[in-house]
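Colleague: Hi! Could you walk me through this one in plain words?

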Amino acid sequence: MAQTETWTVGRLLQWTAQYLKERGSDSPRLDAEVLLAHARGCRRIELYTAYDQEPSETQRTAFRELVRRRAEGAPVAYLVGEREFYSLPFRVTPDVLIPRPETELLVIRLLDLAGPRKNEPLRICDVGTGSGIIAICAAKHLPQARLTALDISPKALDVARQNAQRHGVTEQIAFVQSDLFSALPPGERFDFVVGNPPYVTTREMTELPPDVRNHEPRQALDAGERGLNVIEPLVRQSETRVVPGGYLLFEISPMLRDTAAGLFGLPSGAEDGRPRAPWADVQFIKDHAGRTRVVQARRT
Ligand SMILES: C[S@@+](CC[C@H](N)C(=O)[O-])C[C@H]1O[C@@H](n2cnc3c(N)ncnc32)[C@H](O)[C@@H]1O
C-alpha cells in the first residue's frame, strides 16, 4: 500500500481484495471487508456507508497486520477471533475447529427430533464439542435440556466454556475432558448423543487447502487411515450410552457414507434395511447439494 495515496475505506477494500486474490484467497473481497471492519471496530455493513472515509493511522496499521497474516494463509475467523454459527456469534481460536455451515444440518436434525419433547428434562451429550457450538445451540433452543459437552482437548473446552458464558447457558452444560465417554460414570446415559467427530482420512489430510491443514487443529480433523478412528468407537460405545428410544446423530463426510452404513451392519448404498441390534431406523441425511452429511440412528 503506497503511502502517498488517499486510503479511503473504498480504496483499501479494492486494493486488499486484489492483493488477497493474487495470494490465493477464495473470498478476497469478503476477507478484506471482515478484516477492515474488525480493524475499525465496526460492523461489516457499516463499511458500505463509509467508502469515502479515511481510517485512522492506528486502524490502518491494525488492518495491514491482519492482511499480512491473511496473505500468509491464516484463516479470517482466527484473525478476528469469531465465527457465526446458527445465527449466533462464537469465539474461535486456533485451539478449535472453525464452525462450518454443514454442521447446522446436525443441529437442525437434533432440534427437529428433540423439539417436540422440549418440556422433558432431556439429557444430551455433545461428543467433540470444540468451540461448543452444538451443545450451546441445543441449550439455547431446549431450555429444559441438560448437556454434557466432551472433548479430548482441554484448550478446546476452555473456548467452549467462554462461549457458553457469552450465551448464558453455563448452568445447563457440564464440560468434561474425556476421550469419547471414558471419563463419564459407567451408567451415565443420554436421550441424544450428537457430535461432529474428526473424519478426515490420512490421505485426504494431505489434500486439504493449506488454510485448513496448516492452521486448524489436527486433532479435530485427522481420523486415521479409514477416517474411522473416532466414529467407529463412537458408534460402538453409544450402544450403552444412548437410552432405548434415544438417538445417535453424527456428522460425516459424504465419502464415508458407505463405510458408516457398514458400522450399522447395512450394505453399501442401502437407503434402508435392517441395521444390526441395538440400532433401528438408520438414516443418511443429505445437504441441499444432495451430499450425505449426517447419520441418524435410533437405539431400540
Ligand atoms: C471436527 S471437530 C468438531 C468441533 C465442533 N463440535 C464443531 O462442530 O465445530 C472434532 C472435535 O473432537 C475432538 N476430539 C477428537 N478426538 C476425540 C476423542 N477421542 N474424544 C473426544 N473428543 C475428541 C477434537 O478435539 C475436536 O474439538
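Modeller: One term to begin with: a residue is buried if 20 or more other C-beta atoms lie within 10 Å of its own, exposed if 12 or fewer, and partly exposed in between, with C-beta atoms placed from the backbone. Of the 300 residues of the protein chain, 39% count as buried.

Colleague: Where do the coordinates and numbering come from?
Modeller: This is a predicted model, where local features need pLDDT of at least 70 and side-chain atom pairs count only at pLDDT 80 or more, while totals for chains, interfaces and linings use all residues. Residues are numbered from 1 along each chain as its sequence is written.

Colleague: How many helices and strands are there?
Modeller: The protein chain has 13 helices and nine strands. Those are DSSP runs numbered from the N terminus: helices are H or I with at least four residues, strands are E with at least two.

Colleague: OK, new topic. Which residues of α6 are buried?
Modeller: They are T103, L106, V107, R109, L110 and A114. Seen down the axis of α6, these buried residues fall within an arc of 160 degrees, so they line one face of the helix. That arc is of the directions from the helix axis to the C-beta atoms.

Colleague: What do they pack against?
Modeller: The buried residues of α6 pack against α7, β6 (190–195), β7 (242–251), β8 (279–286) and β9 (292–299). Contact here means that the C-beta atoms of two residues, placed from the backbone, lie within 7 Å.

Colleague: And V96, where is that?
Modeller: V96 sits in the loop between β2 (88–91) and α6.

Colleague: Why does V96 count as buried?
Modeller: Because 29 other C-beta atoms lie within 10 Å of V96. Leaving out residues up to four places away in sequence, V96 touches G130, S131, A156, V159 and P217. V96 and A220 are 124 residues apart in sequence, yet 7.4 Å apart in space, C-alpha to C-alpha.

Colleague: Let's switch to the ligand. Which residues come nearest?
Modeller: Of the 24 residues around the ligand, G128, G130, I152, N196 and A220 come nearest. A residue is near a molecule or strand if its C-beta atom, placed from the backbone, lies within 6 Å of it.

Colleague: Which elements supply at least two residues of that shell each?
Modeller: Those are α7 (133–141), β4 (146–151) and α11 (218–221).
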